[in-house]
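Subject: Handover of a structure and notes on it

Dear colleague,

I am passing the structure below to you, together with a written account of what was found in it. Please read the notes with the structure open.

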Amino acid sequence: MTIEQNDDSEMEVNNNRALITGITGQDGSYLAEYLLSLGYEVHGIIRRASTFNTSRIDHILTDPHTPGTRLFLHYGDLADSEQLSNIIYNVQPQEIYHLAAQSHVRVSFDIPEYTGNISGLATTRILEMLRRSSRTIRFYQASSSELFGSSSPPQNEKTSFRPRSPYACAKAYAFSMTVNYREGYHLFATNGILFNHESPRRGEIFVTRKITQALARILAKKQEKIYLGNLEAKRDWGFAPEYVEAMWKILRNDEPQDFVIGTGQGHTVREFLESAFSYAGLDYEEYLEVDPRYFRPTEVDVVIADCTKARTKFGWNPKIQFDDLIKIMVDADMRASRLRPIGEGDEIIRKKFPDRWWKVD
Ligand code: NAP
Ligand code: G4F
């Protein structure tokens with residue numbers, strides 16, 4: 001484990017130094033790997049936990065005493081302004097990717113106050129530090145298609161926000177504060193309004209990963225049923241490694257701006273379930289139980305991205321669409337369940353990403 005001391009004694013001047021909040025999450029782990037592949041020195045904020053929470057980044061961690069180490073971790077929590085301030089002061093990054101959040105929409109209905117603090121107010125904590133100290137740091141805020149809520153698709157940068165959960169309300173506040181600090185204090189502060197993006201590293205309680213993991217466990221005879229909530233909601237699902245590349249590109253513009261990032265295609269949860277099970281030769285209806293505990297008090301029925309701006313400004317054109325994504329995730333979850341993957345997903349990765357920069361599923 002590489003946990004850096006909270007002093008600046010070992011920091012050297014480096015023009016490519018980034019700080020990532022949420023480095024242990026799906027996106028943070030891919031982004032760290034991507035930035036390392038570009039030659040960056042990467043610093044990540046990690047929470048203290050009673051169990052190891054670095055499984056997604058273990059393969060890129062090295063002992064900090066090893067010459068050439070470029071990945072450093074720092075203990076901190078988004079609720080702790082003082083420590084966030086220490087880390088930013090000591091690391092002196094050129095770029096901050098603020099990805100940490102209580103990111104589960106259903107859970108946000110159970111813990112709305114906490115979600116407001118961590119997924120909303122924490123952005124203000126960081127922006128205030130930047131305003132007071134270093135206005136040249138480029139700042140990326142992880143905004144979400146959940147902001148659009150009940151607004152009709154397709155949604156773009158001009159679509160109204162109609163948030164439908166405590167999570168989305170917290171993210172709407174964070175989005176607006178980012179815009180306000182950009183306009184009021186001339187910070188290089190940007191929002192990436194990312195639509196759902198998934199991968200073998202996706203948290204196991206998000207619906208895509210819940211489905212592909214359950215399918216693999218059913219095939220391995222470790223599970224009999226899958227229990228899900230609303231099957232008719234439509235999402236625009238893309239592949240997470242491509243989305244962290246977009247985060248980096250958003251910070252490369254001459255002027256700070258906000259961008260919508262997605263695939264432009266929408267599919268229902270039922271379609272995801274059907275396609276995953278049929279890839280493995282199974283009929284999902286034989287394994288499905290609907291459990292109302294997974295319904296949400298208010299639901300986002302349909303989000304589909306209009307990415308014209310990102311396509312025009314920096315050539316955003318994702319390689320992975322719905323069917324490919326499912327095969328990639330099913331293959332990886334079969335491997336995780338010690339089954340031989342069907343193989344089409346692995347082949348898609350080999351063909352579409354011959355020089356891929358991420359090294360493990
Ligand atoms: P994720 O896998 O849930 O990761 C969340 C990260 O935040 C983890 O590293 C987590 O640490 C950290 N974190 C949570 N609470 C924290 C706290 N109080 N202090 C410090 N760190 C804390 O989320 P993700 O899918 O990578 O998403 C990254 C960001 O993009 C999130 O802000 C999410 O809301 C947003 N977003 C995601 C999507 C998507 O489809 N994935 C789409 C749009 C926007 P632990 O590992 O210790 O839990
Ligand atoms: O996978 P989900 O939990 O993702 P959701 O709510 O769209 O949020 C994710 O994407 C957002 C981007 O727009 C991020 F901002 C956010 O942080 C997160 O990463 O649910 C997708 C859909 C929902 O309509 C939900 O009601 O699947 C439906 N669903 C049906 N059964 C389920 C389940 N969702 C979960 N998590 N678990 C179920 O059993």
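In which loop does L187 lie? L187 is found in the loop between α5 and β6; helices (H or I, at least four residues) and strands (E, at least two) are DSSP runs, numbered from the N terminus.

Before the details, a word on conventions. The model is predicted, and local features need pLDDT of at least 70, side-chain atom pairs count only at pLDDT 80 or more, and totals for chains, interfaces and linings use all residues. Residues are numbered from 1 along each chain as its sequence is written, while chains are lettered from A and ligands numbered from 1 in the order in which they are written.

A residue is called buried if 20 or more other C-beta atoms lie within 10 Å of its own, exposed if 12 or fewer, and partly exposed in between, with C-beta atoms placed from the backbone. Apart from neighbours within four places in sequence, L187 is in contact with L127, L130, R131, R135, F139, Y181 and R182; contact here requires C-beta atoms, placed from the backbone, to lie within 7 Å. L187 and L130 are 57 residues apart along the chain, and their C-alpha atoms are separated by 7.7 Å.

T190 belongs to strand β6. T190 counts as buried because it has 22 C-beta neighbours inside 10 Å. Not counting residues up to four places away in sequence, T190 touches F139, Y140, Q141, I250, L251, P256, Q257 and D258.

The strands around β5

Seven of the seven residues of β5 are buried, so this strand is largely enclosed by the rest of the structure. R138, Y140, A142 and S144 point one way from β5, whereas F139, Q141 and S143 point the other way.

Strands are said to pair if DSSP finds at least two bridges between them. β5 and strand β6 (residues 188–194) run parallel and are joined by seven bridges, and A142 has G192 as its bridge partner in β6. β5 also pairs in the parallel sense with strand β4 (residues 95–98), over four bridges. Within that pairing Y97 stands opposite Y140, and H98 has Q141 as its bridge partner in β5.

β4 in turn pairs with β1 in the parallel sense, over four bridges; there, T21 has H98 as its bridge partner. Both faces of β4 are covered, with E95 and Y97 buried on one side and I96 and H98 buried on the other.

Helix α2

Which residues of helix α2 (residues 81–91) are buried? They are L84, I87, I88 and V91. These residues lie on the same side of α2 because they cover an arc of only 95° around the axis, the arc being that of the directions from the helix axis to the C-beta atoms. What covers them includes β1 (17–21), β2 (41–46), β3 (71–75) and α4 (112–132). After α2 comes Q92, whose phi is positive, near 50°.

The nonpolar core

A nonpolar core is a set of buried Ala, Val, Leu, Ile, Met, Phe, Trp, Tyr and Cys residues joined through C-beta atoms within 7 Å. The largest one has 93 residues, and I20, A32 and I261 touch the most other members. Helix α5 (residues 166–185) supplies the largest share of this core, nine residues. Leaving aside neighbours within four places in sequence, the contacts of I261 include G192, F195, Y243 and W316.

The two ligands

Ligand 1 is surrounded by 25 residues, of which G22, G25, D27, A101 and A142 are the closest; a residue is near a molecule if its C-beta atom, placed from the backbone, lies within 6 Å of it. The elements giving two or more residues to this shell are α1 (26–37) and β5 (138–144), and α1 gives the most, with three residues. By class, the shell around ligand 1 has 10 nonpolar, 12 polar and three charged residues. Here Ala, Val, Leu, Ile, Met, Phe, Trp, Tyr, Cys and Pro count as nonpolar, Asp, Glu, Lys and Arg as charged, and the others, Gly among them, as polar.

Around ligand 2 there are 21 residues, and V105, S144, V207, G229 and A233 come nearest. α3 (105–110) and α6 (207–219) are the elements that give two or more residues to this shell. The shell around ligand 2 has nine nonpolar, six polar and six charged residues.

Yours sincerely

Definitions and conventions:
Two residues are in contact if their C-beta atoms, placed from the backbone, lie within 7 Å.
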